[in-house]
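My plan is to look up a few things and write down what I find.

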Amino acid sequence: MTGLLRLAFEFFKTGLFAVGGGLATLPFLYAMGTATGWFNAQDVANMIAISESTPGPMGVNMATYVGFTSFGLPGALLGPLALVFPSVVIIILISKILNKFKESKLVQDVFYGLRPASTGLIIAAGLGVAKIALFHLDQYEITQNIADLLNYKSIILAVVIYLVLRKKDFHPILMVVASAIVGIIFKF
Amino acid sequence: MKELVNLFMAFFRIGAFTFGGGYAMLPMLQKEVVEKYHWATEDEIMDYFAIGQCTPGIIAVNTATFVGYKTRGVIGGIVATLGIITPSLIIITLIAAFLQNFADLAVVKYAFNGIRACVCVLIFNAVTKLAKKSVIDKICLGICIVVLLLSLFSPLSPALIVVLAGIAGVIFKRTGITGGEKK
C-alpha cells in the first residue's frame, strides 16, 4: 500500500511540475527511477519506444506503463490518474477565470498573439513528424547518397492520402487505419 | 447525461487514434469537437493549445479538460479527461502484460511507418484550414513565422515562446500597430 501511495505521489508531482507535455515528463521519470528503484534507464528507453508506437498522449502512456510494471493493475490505474489530477484542477480554475474575464481587453489582446503562436508550434510539430516519416536521415548520414535520403514509399502514400482527402473529407480515423494496413502490406 | 456519454466517447476516439504527440490530435479535434459536436470553435482550440503549452500537464489532456468543462462544467471536464486517457490505460496495460517486445515487432514498425506518413498529411490539412482563421492579418502572420523559426532553431522552451507571443499580442494592440486586412 505504501508503494502505491508513493507511486501516486510521484506521478502527482510529475503532473504538477512537468510543463509542456510528454517529453517534459522524461527528466521526472529518470529521477523517479533512480529514487525508487522501480525501473532503470534501459526500462525508460523501452517505455519510450512503446509510448511512441502506441496511440494516446505519451505522458499518460508512460505513467500507465510504469504503474503496471511496478504495481500491476492498481498501479496502471493510479499512475495516470495521479498524473492528470493536478492539471485537471488547474485547467478548471483557469477556465473559471477566463469565463470571468473573457470580455477584458487585456485577455483579448493576449489571445491575439497566442493564436498565431499555436499555429506556428503546430507547423513545427508537423515538420518534425514529416522529417522522420518522409526522409531516411539516418541512412543518408551513413551513405551520403541523395537517393537514400527520400523515403519513397512514405512519400507516395502521403501524396495518395492528400489527393484522396481533396476528393472527400474522410474521418482521420479511417485514414489512420488505412495507412496502417498499407504500411503492413507493403512493409514500410 | 447523453452529452456526457458523447464527451467521453469523442475523447476516447481522439485518445485511441492520436499518434505522434499532442499537436497531432488537431485533425481529430477539428473533426469531432468543432465540426461534429460544435463544442468549441477553432479559435478556442488554439487558445487551449496555447494555454496548455504553458501550464503543467500534458497538452492533449489539458485540451480535453478545457473542452469538457466548457461543455458540461466540472463533471464534463473530468469525463472528457477520463475519455482521452482510457484508451492509453487499456492499450498500454495489455502491451505491458503480454507484449513487452511490442515496439520491436516488424508488423508494428510497418504499421507505424504508414501511420506517420498519414499523420503528416492530416496535420498539413488541419493547419491550412486553421491558418485561414487564426492568421487574420500581417502581424499574426509575422508572429506565426517567428514562433515557427524559434521553435525549430532556438533552444527556447515552447512555453516561453507562447508567453512571448502573448506579450507581443498586447504590445501590437496597445501601440496601435495593426497589420491591416490580409487578402
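What radius of gyration does chain A have, and what would a compact globule of 188 residues have? I looked up both values. Chain A has 21 Å, whereas the globule would be near 16 Å. I note here that I am working with a predicted model.

**Entry: extent of chain A**

I checked the box next. Along the principal axes, the C-alpha atoms of chain A fill roughly 55 × 50 × 35 Å. Then I looked at burial. Of the 188 residues in chain A, 43% count as buried. I also looked at contacts between residues at least 6 apart in the sequence of chain A. Of these, 45% join residues at least 24 apart.

**Entry: elements and domains of chain A**

How many helices and how many strands are there in chain A? I found nine helices and zero strands. Reading from the N terminus, I wrote the order as α-α-α-α-α-α-α-α-α.

I then turned to the domain assignment. It gives domain 1 as 2-101 and domain 2 as 105-185 in chain A. The centres of domain 1 and domain 2 of chain A, taken over C-alpha atoms, are 27 Å apart.

**Entry: where chain A touches chain B**

I looked up both sides of the contact. Chain A gives 78 residues and chain B gives 94 residues. Which helices of chain A each supply at least two residues to its side? My list reads α1 (2-17), α3 (41-52), α4 (58-101), α5 (105-134), α8 (152-167) and α9 (172-185). The largest share of the chain A side comes from α5(A), with 25 residues.

**Entry: a helix pair in chain B**

My last stop was α2 (residues 26-36) and α5 (residues 106-134) of chain B. Their axes come within 8 Å and cross at roughly 60 degrees. That angle makes α2(B) oblique to α5(B). Which residues of α2(B) meet α5(B)? From α2(B), I noted B:L26, B:P27 and B:Q30. On the α5(B) side, they meet B:L122, B:I123, B:N125, B:A126 and B:K129. By class, this contact of α2(B) with α5(B) has five nonpolar, two polar and one charged residues.

**Entry: recap**

I end with two reminders for myself. Chain A has nine helices and zero strands. On its side of the contact with chain B, α5(A) supplies the largest share.

Conventions: Residues numbered from 1 in each chain as written. Chains lettered and ligands numbered in written order. Predicted model: local features only at pLDDT ≥ 70, side-chain atom pairs only at ≥ 80, totals over all residues. Contact = placed C-beta atoms within 7 Å. Helix = DSSP H or I, 4+ residues; strand = E, 2+ residues; numbered from the N terminus. Domains from an automatic or database assignment. Axes fitted to C-alpha atoms, helices over the stretch in contact; angles between N-to-C directions. Parallel < 35°, antiparallel > 145°, perpendicular 65-115°, else oblique. Nonpolar A, V, L, I, M, F, W, Y, C, P; charged D, E, K, R; others polar. Rg over C-alpha atoms; globule rule 2.2 N^0.38 Å. Buried ≥ 20, exposed ≤ 12 C-beta atoms within 10 Å, placed from the backbone.
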